Amino acid sequence: MTAALDTRLGIAKMKIAMIGTGYVGLVSGVCFSDFGHEVVCVDKDPRKIEMLERGEVPIYEPGLDVLMHKNVEAGRLSFTLDLASAIDGADAVFIAVGTPTRRGDGHADLTYVMAAAEEIAKAAKDYVVIVTKSTVPVGTNRKVKETVAAANPALDFDVASNPEFLREGAAIDDFMKPDRVVVGVETDRAAAVMAEIYRPLYLRDFPIVTTDLESAEMIKYAANAFLATKITFINEIAALCEKVGADVKSVSKGMGMDGRIGNKFLHAGPGYGGSCFPKDTKALARIGQEHASPISIVETVIKVNEDVKRRMLDKLSDLCDGRFNGKTVAVLGVTFKPNTDDMRDAPSLTIVPALVGGGAKVRVVDPQGKREGEQLLPGVSWMDDPYAAAEGADLLVILTEWNEFRALDLSRIAGSMAQARMADLRNIYAPADAEAAGFTGYESIGRAGYAG
């Protein structure tokens, strides 16, 4: 181990190489450097490295730019295209590259992971722990071990699984104050390196779960699939609430007070999206199928989530008198959740193209969505002001619950619309408030709507 002891912190200052400067890699690298470790982030994309070296952050994550600048200035964080120099003298090399869903079979594509493992093997000279941070199917770390051993039989190394549990929009807080850190290892030597890396959290009594490789890999998939199931469950309950006259917000509150259930991920909406839940549920379902142990609940969750997104279109159609053609629709929010610019599998990617395809003129307002959305949502007009977007519109749709949309002057908006109708797909406003503001038609999720 080449780590030098930082006596001020009471921890060993480790050298870490982070392969990949996407969402997980960049957030993790920045946060590790803030622990006091020396971190070098590596990427193959020259434009990304140039941006980072200029102090620009290629993703939107609140507070990340400030933390990055702080640690670059302190000399603990740097960026490079040169993998070999980053690995030289490193105690641990983290693989944080993409594992997109493979077309055709739903499995995670491990091409980038295995390519990184092979490159690490060829560049490494001394003992190193190769840590998989990317979300990978069970058994992947053993394949990484085989790949490294084949590429460099003389290399002294261990592998470790260290899945991430970062919520976009709250990633720094999640990293610095985690519910738990999961580490899968095979040897005491690897466990010692990982313990030193995470010692700042251990010293503050955050739980560290040290287990085997397969269990660590499974924890990540099982956790995300369970959360996706909670979201999908409450969305199905919401549909039933609309039929029987119940209010899903009251139902969610009553359920969430049960300590065995908890109140998180019980907010009804237009379906889950993002970088994790869609990809990880599909991968877990595929793993179950390959091992003749199907995860029927997860398979159903995937199907129901797609049905939920399509059901939203029925609500919008009802508010548009059964047809979108010739209507002007203002859409507030297109990212899959607030405080991120991530559009991956967002409900907007199902809903907005359907509106455009149906002949609607669509105006979009999103604080961070334009950068990705311009390519993903062709045929829409991008606007900065929700009031301007709503002026003369036939329908207002709230798709993402950005804080900017939580305190709108509803009377002003209703008075400026050609037809004052709202689809509040995040249940931000109460139906009574919408009606009092002058909206003649209102739909939400799991609550009674009305049409004038």
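## Cysteines and their surroundings

C276 has a relative accessibility of 15% and therefore counts as buried, since the cut-off for that class is under 20%. The model is a predicted one, and a search of it for disulfides gives a count of zero. C31 takes part in no disulfide, the nearest cysteine sulfur being that of C41 at 11 Å. C276 is likewise in no disulfide, and for this residue the nearest cysteine sulfur is that of C31, 16 Å away. Both distances can be set against the cut-off of 2.5 Å within which two cysteine sulfur atoms are taken as a disulfide. C31 itself is buried, because its relative accessibility is 0%.

## Aromatic rings

Across the whole structure, eight aromatic pairs are found. One of them joins F32 and F175, whose ring centres lie 5.1 Å apart and whose planes meet at 85°, so that the pair is classed as edge-to-face. This pair links distant parts of the chain, with F32 in helix α1 (residues 23-34) and F175 in helix α7 (residues 171-176), 143 residues apart. F32 and F175 are both buried. The pair of Y272 and F277 is also edge-to-face, because its planes stand at 85°, and here the ring centres are 6.0 Å apart. Y272 is buried, as is F277.

| Charged residue | Ring | Distance to ring centre |
|---|---|---|
| K220 | F165 | 5.3 Å |
| R412 | Y387 | 3.8 Å |

In the case of K220, the charged end of the side chain sits over the ring of F165, while R412 lies over the face of Y387.

When neighbours within four places in sequence are left aside, L316 is in contact with F324, I351, L355, L395, V397 and A423. L316 and M422 are separated by 106 residues in sequence, yet their C-alpha atoms are 8.7 Å apart in space.

An unreviewed UniProt entry lists residues 330-431 as "domain: UDP-glucose/GDP-mannose dehydrogenase C-terminal".

## Positive phi angles in two loops

Which phi value does F265 adopt? The angle is near 65°, a positive value in a residue other than glycine. F265 belongs to the loop between α11 (248-256) and α12 (277-290), and its relative accessible area of 27% makes it partly exposed. A292 also has a positive phi, near 55°, and is again a residue other than glycine. The loop that holds A292 runs between α12 and α13 (296-319). Is A292 buried or exposed? A292 is exposed, because its relative accessible area is 68%, and the cut-off for that class is over 50%.

Methods
Residues numbered from 1 in each chain as written. Predicted model: local features only at pLDDT ≥ 70, side-chain atom pairs only at ≥ 80, totals over all residues. Heavy atoms only, no water. Helix = DSSP H or I, 4+ residues; strand = E, 2+ residues; numbered from the N terminus. Buried < 20%, exposed > 50% of the residue type's maximum accessible area, 1.4 Å probe, protein only. UniProt positions renumbered as here; feature names shortened; annotations may be inferred. Phe/Tyr/Trp six-rings, centres within 6.5 Å; stacked < 30°, edge-to-face > 60°. Lys NZ or Arg CZ within 6 Å of the ring centre and 35° of its normal. Contact = heavy atoms within 4.5 Å.
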